[in-house]
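The structure is shown first.

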Amino acid sequence: MKILVIGSGGREHALAWKLAQSPRVKKVYVAPGNGGTATETRVENLPITDPQQLADFCIAEDIHLTVVGPEAPLAAGIVDYFRMRRLRIFGPTQGAAQLESSKAFAKAFMARHGIPTAAHRTFSDAAEAHAYIDTHGAPLVVKADGLAAGKGVVVALTLADAHAAVADMLEHNTYGVQHGEDGARVVIEDFLDGEEASFIVLVDGRNVVPLASSQDHKRLQDEDRGPNTGGMGAYSPAPVVTPEVHARVMREIILPTVQGMAAEGHDYTGFLYAGLMIDPQGHAKTLEFNCRLGDPETQPILMRLKSDLVTVFDAAIDGKLDKMELQWDRRTALAVVMAAPGYPEAPRLGGAISGIPKHADDLHVFHAGTRLEEGKLHTSGGRVLAVTALGDSVRMAQTRAYVGVRQIAFEGMQFRQDIGWRAIKR
């Protein structure tokens, strides 16, 4: 069979790589793909992004199923369109994808269904937002209401930081947010302290199958300093997600979300990602929802997945996830993101990339912001590569990943040197 993956980032490279391992698969197309997917075995780039053309391609090429990687096509309703044309596709509908495309919708939804999250207020008027900040005090978290490629969140430790974030989001749109029908809005919420984790599940509308836990590193620099990014590294499993925490998150957050969406007329299918803040007592609150796999969490999660991913997606599309039990490599997987100079504010692109190590059983380099020109790789995005390794412990996976990182060279490259530090410290 033939499979289509929509997207061009590291998440999509990892999905295509994993799908291509299935003995049932002849070829995986990635639309539009990147420099890494262009050279992956049994994977081919497809230079199409228009939904109608993609659907026409699926019909012409007898594509068995389509997997949507990034958030923008989901928010634009590509799943609704493919279903209208009777094509098999895995992902949430436009209505269900509001959990990610609108922070305001997500916060109001959580309030309606008693899902634990930080107290918040939503503003469209900058003056009112500034006044609220002065009254409430810092620290606060300011979030753009719309899609911002993972960068529309500011953890404001001071009043000045909070005011600057509101100005950036409401007055200047510094982050290039794709606003909804209600225009520019910000969600200002209470700061939560604790340890973050990524909790991602597969949903078929009714049944839920959790993926392995993971932890992302959002800050640009070591020791969680510097600006927020789309993610500078991740590892799986995350020790902070103990069996007790796992059960509580399923009971208090995941299942009420799936049931609540169904009750409101939006049967949820696809990946559901809950970004969590877990306090020292093991209580979790929801920082955000994403309607897709995380990036770079996908890379270590799929490195550990032993089950046939095509079989998993078929079960999800057919409403049969209750019959699935995923198999996992017992080892830890850890991914180190290598970013372009100037990332995240103003990445400088076009640099030549060299030294990428060959794929091994315990190491794979997933591409994100790369393009292949006349057989040579160049940077084309802020986050360029995710060097992902397996090891018998977090420390061993970390060591293996950084051996791979240090073989690679491109001008001005940035990467953290402490991915996995929280798990090693525990």
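R112 lies over the face of F105, 5.8 Å from the ring centre; a charge sits over a ring if NZ of Lys or CZ of Arg is within 6 Å of the ring centre and within 35 degrees of the ring normal. The model is predicted: local features need pLDDT of at least 70, side-chain atom pairs count only at pLDDT 80 or more, and totals for chains, interfaces and linings use all residues. Residues are numbered from 1 along each chain as its sequence is written, and side-chain values use heavy atoms, with hydrogens and water left out.

## Aromatic pairs

Across the whole structure, a search finds nine aromatic pairs. Rings of Phe, Tyr and Trp (its six-membered ring) pair if their centres lie within 6.5 Å; planes under 30 degrees apart count as stacked, over 60 as edge-to-face and the rest as tilted. Two of the pairs are tabulated here.

| Pair | Centre to centre | Angle between planes | Class |
|---|---|---|---|
| W17 and F366 | 5.2 Å | 75° | edge-to-face |
| F90 and F271 | 5.1 Å | 90° | edge-to-face |

W17 belongs to helix 1 (residues 10-20) and F366 to strand 21 (residues 363-367), so their pair ties together parts that are 349 residues apart in sequence. Helices (H or I, at least four residues) and strands (E, at least two) are DSSP runs, numbered from the N terminus. W17 is buried, with a relative accessible area of 9%, and F366 is buried at 0%. Buried means under 20% relative accessible area, exposed over 50% and partly exposed in between (1.4 Å probe, protein chains only).

The rings of F90 and F271 are edge-to-face because their planes stand at 90°. This pair links distant parts of the chain, with F90 in strand 5 (residues 89-90) and F271 in strand 18 (residues 269-278), 181 residues apart.

Five strands form an open sheet in the order 14-17-20-24-21, with antiparallel pairing. Strand 14 (215-216) and strand 21 are at the edges with a single partner strand each, so one side of each is left without a neighbour in the sheet. Two strands pair if DSSP finds at least two bridges between them.

Strand 20 (residues 332-339) is joined to strand 17 (residues 233-236) by four bridges, and A333 of strand 20 is the bridge partner of S236. Strand 20 also pairs with strand 24 (residues 383-391) in the antiparallel sense over eight bridges, where the partner of A333 is L390.

Eight of the eight residues of strand 20 are buried, so the strand is largely enclosed by the rest of the structure. T332, L334, V336 and M338 point one way, while A333, A335, V337 and A339 point the other way.

## Helix 2

The buried residues of helix 2 (residues 51-60) are L54, A55, F57 and C58. They fall within an arc of 155° seen down the helix axis, so they line one face of helix 2; the arc is that of the directions from the helix axis to the C-beta atoms. Helix 2 is followed by D62, whose phi is positive, near 55°.
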